[in-house]
Amino acid sequence: MKLTVDFNTVVGEIKPMHGVGQPPVLGMDFSMTDYLKAARVPFSRLHDVGGPFGGNMFVDIPNIFRDFSADPLDSASYDFGFTDQLIKALMERGIEPFFRLGVTIENYRAIRPYRIHPPQDYQKWAQICEGIIRHYTEGWADGFTYNIRYWEIWNEPDNFESPEENQMWTGTPEDYYRLYEVASKHLKACFPHLKIGGYASCGFYAITNTKSAFAACSPREQYFVDFFHGFMRYITEHNCPLDFFSWHSYAGINENVRWAVYVREQLDAYGYTATEHTLNEWNCAPQTKGSMSHAALTCGMLAALQNTSLASAMFYDAACMPNIYAGLFDCMTFKPLPAYQAFAAFGELYARRQQVLVGELPSGVYACAAKADDGVLVLVNTNDRPVPLDIAVSGAKEPSACEIVNASAAWESFTLDGTLPPFAVVKIHYTLM
């Protein structure tokens, strides 16, 4: 098949699809975030940071505001110490925190839930969030004046197994809707220039009846969708702000592309036409972590999501931990896994900003190209077999460099001789004419 790439035709701007979830924090050592800087990672979503209960140190509201009976207007009520160090490390490396206001998932809540209850006082909880935002954006309480734009109210309140086993929220759906109303209205009034949203939906598997690691039964899948429509009806009726809507998925590329269409359609139908949406927790086949197939699927996802209505996306996650979802780094060697290079490749596109026209692709093959002073094409084969492929380029000379990711997570020189290898992640540089 002939793949056409036209560097003369700009079709849009490369979007920040290569964000990540929690960053690779090793205790209080943030040096591994240098890898994120090298890949030009635009966002790190701050959820589950530091392990269970936020490591009792980071981000979670009970870690920052340890005594709910304290005065939210008194700076002495806050403990910013550990989170300050994390935020500073990210901002110094050009990585914008996507700040989740809430708590870490409690996977063992069936034994006892600790922090996932609805706040005792919604208005006071909103004031606590206000204090946190002022600390990081307005310098309050010996803080900072960082440009942190996105503030997310809670995470996965629809994470439903049974009425006794929701791992993120022990209240009813209506309890969460009310929390969102109180918090969003308060925060938007305080910070009209910032983006306030939520709610980190568990996803839309029921739309195409697709199973995932986090959606094992149809009633649960349907609950996610019912919760979403209940939320949208509530905020519409109560005139709540929603600058962005966030949702999650552990399904494949085609499903996420389809669900991005669904989310955009539904937001528009409810009248939230200006609301962004972000897939700010995703991982494709996490059980294949460390493999070339995982690298290819990850890079294919980045390329495919670029051409949807999504404003951004964030992979779950960049932690350096011994679990299948921490898919970018080896927790024993502290070195990158092959999937990391998908983010490095997309970072090359992001640095050039102008997306250019790429023609029709074979099944399972994904591509994205961008230009500035030079041109870059990222080409991915997610198939387990070689795919015949020739490239016809307009507006550029012969490739100045061509590289492929190997199983050691390194780039090596490569010649594309008419066949794209299986599970290939390829980066081609061009000198423009």
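Begin by selecting W151. Leaving aside its neighbours within four places in sequence, W151 is in contact with F99, L101, I132, I133, Y136, T137, L194, K195, I196, G197 and F244, where contact means heavy atoms within 4.5 Å. The model is predicted, so local features need pLDDT of at least 70 and side-chain atom pairs count only at pLDDT 80 or more, while totals for chains, interfaces and linings use all residues. Residues are numbered from 1 along each chain as its sequence is written, and side-chain values use heavy atoms, with hydrogens and water left out.

Buried means under 20% relative accessible area, exposed over 50%, and partly exposed in between, computed with a 1.4 Å probe on protein chains only. In soluble globular proteins, nonpolar side chains tend to be buried together.

Move to I61, which is found in helix α2, residues 61-64. Helices (H or I, at least four residues) and strands (E, at least two) are DSSP runs, numbered from the N terminus. I61 counts as buried, at 6% relative accessibility. Apart from neighbours within four places in sequence, I61 is in contact with L101, G102, W125, I128, C129 and I132. Now select W154 as well: its C-alpha atom and that of I61 are separated by 10 Å, although the two residues are 93 residues apart along the chain.

**Helix α4**

Select residues 122-137, which form helix α4. This helix has 16 residues and reaches 22 Å from its first C-alpha to its last, close to the 22 Å expected at 1.5 Å a residue; the expected span is 1.5 Å times one less than the number of residues.

Inspect both ends of the helix. At the N-terminal end, D121 caps α4, with a side-chain oxygen 3.0 Å from the backbone nitrogen of Q123. Just after α4, G139 takes a positive phi of about 80 degrees.

**A buried glutamate**

Select E96, in strand β4, residues 96-101. E96 is buried, with a relative accessibility of 10%. Which residue does the side chain of E96 join through a polar contact of 2.6 Å? The partner is the side chain of R149. A polar contact is a pair of N or O atoms within 3.5 Å; within protein, one must be able to donate a hydrogen and the other to accept it, and residues adjacent in sequence count only if both atoms are side-chain atoms. Not counting residues up to four places away in sequence, E96 touches P42, F43, S44, M91, N147, I148, R149 and Y150.

**Aromatic rings**

A search of the whole structure finds 46 aromatic pairs. For one of them, select Y177 and Y234: the ring centres are 5.8 Å apart and the planes are at 40 degrees, so the pair is tilted. This pair links distant parts of the chain, with Y177 in helix α5 (residues 173-190) and Y234 in helix α7 (residues 218-237), 57 residues apart. Rings of Phe, Tyr and Trp (its six-membered ring) pair if their centres lie within 6.5 Å; planes under 30 degrees apart count as stacked, over 60 as edge-to-face and the rest as tilted. Y177 is buried at 4% relative accessibility, and Y234 is buried at 16%.

The charged end of R353 sits over the ring of Y350, 4.1 Å from its centre, and K427 lies over the face of W411, at 4.2 Å from the ring centre. The criterion is that NZ of Lys or CZ of Arg is within 6 Å of the ring centre and within 35 degrees of the ring normal.

**Backbone details**

Finally, display the backbone. A cis peptide bond joins G198 and Y199, with omega about -5 degrees; Y199 belongs to strand β6, residues 195-201. Another cis peptide bond joins Y316 and D317, with omega about -5 degrees. D317 is placed in the loop between β9 (312-315) and α10 (340-352).
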